[in-house]
Amino acid sequence: MPLRIDVITIFPDYFAPLQLSLMGKAQQSGLVTIAIHDLREFTSDRHRSVDDTPYGGGAGMVMTPEPWGQAIDAVVTDQSTLIVPTPAGKLFSQPVAAELAHSTHLIFACGRYEGIDQRVVEYYRPRIDVRELSIGDYVLAGGDVATLAMIEASVRLVPGVLGNPESLVEESHQLPGVEYPSYTKPPTWRGLDVPEVLLSGHHDQIARWRAEQSTIRTTHNRPDLLPGS
Ligand SMILES: N#Cc1c(-c2ccc3ccn(Cc4ccc(CN5CCOCC5)cc4)c3c2)n[nH]c1N
């Protein structure tokens, strides 16, 4: 059963990249089907409006619930998971990507302005799995880029999508922390040599060197990922 993804957005063109490269191949192979829907197709006024002023005051505009209700109702099934990107969401992570990769149907609601009327989440939460997710502690202008990131991170984990599943095996055995540095030909580039151990053919020494490099990089770049931190 291929993973089906429906994306609802006011900027469908943001999702043209999903036709390229790995994501494009995943769709051509039938492992994943991705459909993009323009939220404005689900409006009923002649201005095709999707936002209004926030109750309680405050800056900016909020996306009105009805177009979202019409758009989600057009694609939802009892197997759907509704993903709502938001700065207020739980942090999206590799384990979450693995969960989404094993879903049957994902609906991404890409908000803009200051977000979507919360009643959309409240309406669907008793009916289907609803997940408010954030891709990190920085503020984007909308949910579209977050959705692209979550789709790419999840779809690459769908069995059969990655040409070389060995990459996923290595990833899953990744020591806590960040990965070791990678090198390829030429052996010398602008006077810089590839670390000698990588040319030695001694796989135990290479594994030890890579583990040491991972620890050095994690300590420097991501001490929060060190065991016991
Ligand atoms: N995933 C993800 C994201 C998003 C994200 C995702 C979805 C939408 C939809 C609209 N925006 C814009 C936006 C900007 C600022 C604010 C803050 N609020 C503070 C209190 O007053 C109201 C406003 C909210 C919404 C979005 C941003 N940003 N960063 C992530 N990791």
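Buried, in this tour, means under 20% relative accessible area, exposed means over 50%, and partly exposed lies in between, with a 1.4 Å probe and protein chains only. The model is predicted, and local features need pLDDT of at least 70, side-chain atom pairs count only at pLDDT 80 or more, while totals for chains, interfaces and linings use all residues. Residues are numbered from 1 along each chain as its sequence is written, and side-chain values use heavy atoms, with hydrogens and water left out.

**The whole chain**

Begin with the C-alpha trace of the protein chain, which spans about 70 × 40 × 35 Å along its principal axes. Colour by secondary structure to find 7 helices and 9 strands; helices (H or I, at least four residues) and strands (E, at least two) are DSSP runs, numbered from the N terminus. Of the 229 residues, 38% count as buried. Then select domain 1 (3-163) and domain 2 (166-225), whose bounds come from an automatic or database domain assignment; their centres, taken over C-alpha atoms, are separated by 36 Å.

**Helix α1**

Select residues 21-28, helix α1, where Met 23, Gly 24, Ala 26 and Gln 27 are buried. Seen down the axis of α1, these buried residues fall within an arc of 160°, so they line one face of the helix; the arc is that of the directions from the helix axis to the C-beta atoms. The face turned away from that buried side carries the exposed residues Ser 21, Lys 25 and Gln 28. The buried residues of α1 pack against β2 (32-38) and α5, and just after the helix Gly 30 takes a positive phi of about 80°.

Arg 131 lies in strand β7 and Glu 99 in helix α3, so the pair ties together parts that are 32 residues apart in sequence. A salt bridge here is a side-chain nitrogen of Lys or Arg within 4 Å of a carboxyl oxygen of Asp or Glu.

**Two further salt bridges**

A search of the whole structure finds 7 salt bridges. Select Asp 144 and Arg 112, whose side chains meet in one of them (2.8 Å, N to O). This pair links distant parts of the chain, with Asp 144 in helix α5 and Arg 112 in the loop between β6 and α4 (119-124), and both residues are buried. Then show Asp 6 and Arg 4, which form a salt bridge with the closest N and O atoms 2.9 Å apart; Asp 6 is buried, with a relative accessible area of 0%, whereas Arg 4 counts as partly exposed at 35%.

**Leu 198**

Finish at Leu 198, in the loop between β9 (192-193) and α7 (203-221), a residue that is partly exposed with a relative accessible area of 22%. Not counting residues up to four places away in sequence, Leu 198 touches Tyr 183, Ile 206, Trp 209 and Arg 210, where contact means heavy atoms within 4.5 Å. Leu 198 and Arg 210 are 12 residues apart in sequence and 9.3 Å apart in space, C-alpha to C-alpha.
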